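Subject: Structure handover

Hello,

Here is the structure for your files. My notes on a metal site and a sheet follow below.

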Amino acid sequence: MAKRYFPNEVEGKWQKRWKEDKLFSPDLDKSEKPFYSLMMFPYPSAEGMHVGNMYAFTGSDIYSRFKRLQGLDVFEPIGLDGFGIHGENYALKINEHPMEVSRRTEKHFYEQFMTVGNAYDWNRTLNTYEPEYYKWTQWAFLQLYKKGIAYRKKAEVNWCPSCKTVLADEQVITGACERCSSQVEKKDLEQWFFKITDYAERLLKNLEWIDWSEKIKVAQRNWIGKSEGTLIAFDSLDVFTTRADTIFGATFVAVSPEHPLLSKLVTDEQKGDVSAYIEAAGKKSELERKENKEKTGVFTGTNVKNPFTGESIPVWVADYVLMGYGTGVIMAVPAHDERDFEFAKKFDLPIKTVIENTSPVIANGVKQSQNNKEGIASSPSTTLRISRNDKTNVYTGEGILVNSGEFDGLSSTEAREKISDYIEKHNLGKRQVHFHLRDWLISRQRYWGPPIPIIYCDKCGAVPVPESDLPVKLPFIENFRPTGTGISPLASEPDFVNVKCPKCAGPAKRETDVSDNFLDSSLYFFRYLTTDLNDRFFDEKRAKNWLPVDMYIGGAEHSVLHLLYSRFITMVFRDLGFIDFEEPFKKFRAHGLIIAEGAKMSKSKGNVINPDNLIKEWGADTLRMYLMFMGPFTEGGDFRAASISGVYRFLSRVWELAQNEHADEATEGELKILNKVIKKVGEDMENLRFNTAIASLMEFLNFLSKQGRVSRGTIKAFLVMLTPFAPHTTEELWEMMGENRSIHLQTWPKYEEKYLEEEEVTIAVQVNGKVRDQLVIHKDMASDGKVIEKIALGSPKVQKFLDGKEIKKAVYVPVKIINFVTE
Ligand SMILES: [Zn+2]
Ligand SMILES: [Zn+2]
């Protein structure tokens, strides 16, 4: 009698055995077909993984298992990104030490990964808060320091008043802290930075060829924000513009309130107003200033000369001009820039049109070119000359120059070149490239991170900790609370702070800030390969063999954080000669996000689904399959608890079918369908279309169930295709069928072309070269032109077009087209 399907009995047994047999631990030194399949390691939250996290990790595991079945030596590691503000904030909230919280969450996370059955290499886990790991974070800092990429300077930085630390630009999301959503403030502090801006061009350029999800590339491109423009001197003020073609329309200049030259520009008369304005602007966030609907500003009392029109134009201070963009001074062209336009309207400044819109416009429903160069309206009744360059509208597009002296009639593109040439020739400025990207701020005035390995000596200055002294261990301190003074809590530990200078052996003090946890995560994929080697970060042979990562899967929310930083660090390592490639991830795909019962999952709504209970109730295989069945993996889906039972029933039917008596030989019909399924599922797996792969397997099961006795070969192929989704169930059935080598070591079935051939072919029927009908006939009939002619002539559609005319010729292109010629 067939055994009944009890997933819980089966799953624990196999998880234990796989781990003992090291089934998923490739020999990193000997693998011949290495394939590095990586999923972004998680930050271990105290609640453990919810079903949304499980979704992402399982999808990555399914792909890895598919690659293993294709005969590759797959390395699929897992670790925890436990250092950082997030974990520390939680520890503060529950008033427990982060070191203790980590021990607890670590255990829970690894258990969850185990029970869901992911094929991780359990011998190579890593946790960023272990000294064995962060020794290398500190080592990396020192390498960047030696190369001159890590530097210290006093700067106005983003300060989160709630997290009581500075933040990198990338961690400020529309003006708020990425971790806690508090409004970010500005503070002047002496900080460590990484010169990521030196790499802006390379980071941008490689986006052209790396095989990554398009939305990530777009986000990085925008963040790096390259703008090519021209630097132009308006007397003593340098402005940067990407629209030099509009210079004849520049009717005033606007200066950022933070501009260092501002005080020199302001006349005595205007001093009071300007000072008050600067003070008010200082209280606004950058976001407020960018979004400001109501433009504000004050005249400085000074005029400068527009170098092209020769006109004297006023200089205003306006807070919509940010110091961070360009030079902090803009030439304002109200006719062709929205913000300048609003400003000019409010303060009654001149608006001068210098670009004519030449794109076709719809007038009276007729598409026309607005600039009718010949000056002749082709059809006066329908042509409307609409002046879109009037005083109530702003035109920000490109077009043809007008009111621009010798440059009149040029297109915007041509004019930018000619005007820039003129500027360079007459020493009025030069072409320039600006980036939005800023240097990466590394210092954090917090406790829970790797101490920055620098020692300050009165005599020698900043001295790097010698590599042999690494790691600089994070001491266990009772009071780890952030101070809010701009100084890390580590500063209150005299034993930690007071050291001997490594250079002169005199008294010195340690740096007390820790580094950004995004530095930890830009190294981890390198370190997985060497968790067993404590004397080096890289092992040359392993790095050569296994890197770059073949497939990386993760969340799109890391577009301009982790995914950008990792690329940068990899480029630096290449420049340092450690590796010979500069892009860390050959392929990156962002996974989708899931919602539950039609709503976004959130703690406050109380609808966060815990996978642990679902696994107890249904088994991990059912959960895995259900998650992947919800929708395309790259798009996500809606979790409906009521739908899980359908997947459970499917697996129960597979369970029965595999135990039925099998036929020795497959029928022709069985082979035909099997081969089609192999092809379809294989292609779906490669493209992460797990949902349609599952649908094909389900249909296939329906077919096999109706077959009666199914051949053993077909059942085996079916189980192998199912095993990435349901690794435990299929492994158990495999064993029950008397197979003695794990199903996970089998090979993905190959399809045979001959079974894929269609029985029917489609032939187009033309009359005088125009297609009038399609014939669908058995392929055996398609070779005989006379037969085809006869069938085609029987078609009513064809008859209609022949209309009793004499057929002069019938030309048959075998299995493609038959053409009747009547004229
Ligand atoms: Zn914060
Ligand atoms: Zn010294």
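Two strands are taken to pair if DSSP finds at least two bridges between them. Note also that this is a predicted model.

Sheet

By that criterion, strand β33 (residues 760–767) and β34 pair in the antiparallel sense, over eight bridges. One of the residue pairs involved is Gln-766 with its bridge partner Val-771 in β34. The open sheet that contains them has four strands, in the order β34-β33-β36-β35, with mixed pairing. At its edges stand β34 (770–778) and β35 (809–813); each has a single partner strand, so one side of each is left without a neighbour in the sheet. On average, neighbouring strands are turned by 20° against each other, direction ignored. Helix α25 (residues 785–793) packs on this sheet and touches β33, β34, β35 and β36 (817–821). The direction of α25 makes about 65° with that of β36.

Zinc site

Which protein atoms are the donors of the zinc ion (ligand 2)? They are the SG atoms of Cys-457, Cys-460, Cys-501 and Cys-504, lying 2.2 to 2.4 Å from the ion. Along the chain the donors follow the spacing C-x2-C-x40-C-x2-C. Cys-457 lies in strand β24 (residues 454–457) and Cys-504 in the loop between β26 (498–500) and β27 (507–510), so this pair ties together parts that are 47 residues apart in sequence. For comparison, the ideal angle for four tetrahedral donors is 109.5 degrees.

Cys-457 counts as buried, at 7% relative accessibility, while Cys-504 is partly exposed, with a relative accessible area of 30%.

Regards

Note on methods: Residues numbered from 1 in each chain as written. Chains lettered and ligands numbered in written order. Predicted model: local features only at pLDDT ≥ 70, side-chain atom pairs only at ≥ 80, totals over all residues. Heavy atoms only, no water. Donors = N, O, S within 2.8 Å, 3.2 Å for Na, K, Ca; no water. Helix = DSSP H or I, 4+ residues; strand = E, 2+ residues; numbered from the N terminus. Buried < 20%, exposed > 50% of the residue type's maximum accessible area, 1.4 Å probe, protein only. Axes fitted to C-alpha atoms, helices over the stretch in contact; angles between N-to-C directions. Contact = heavy atoms within 4.5 Å.
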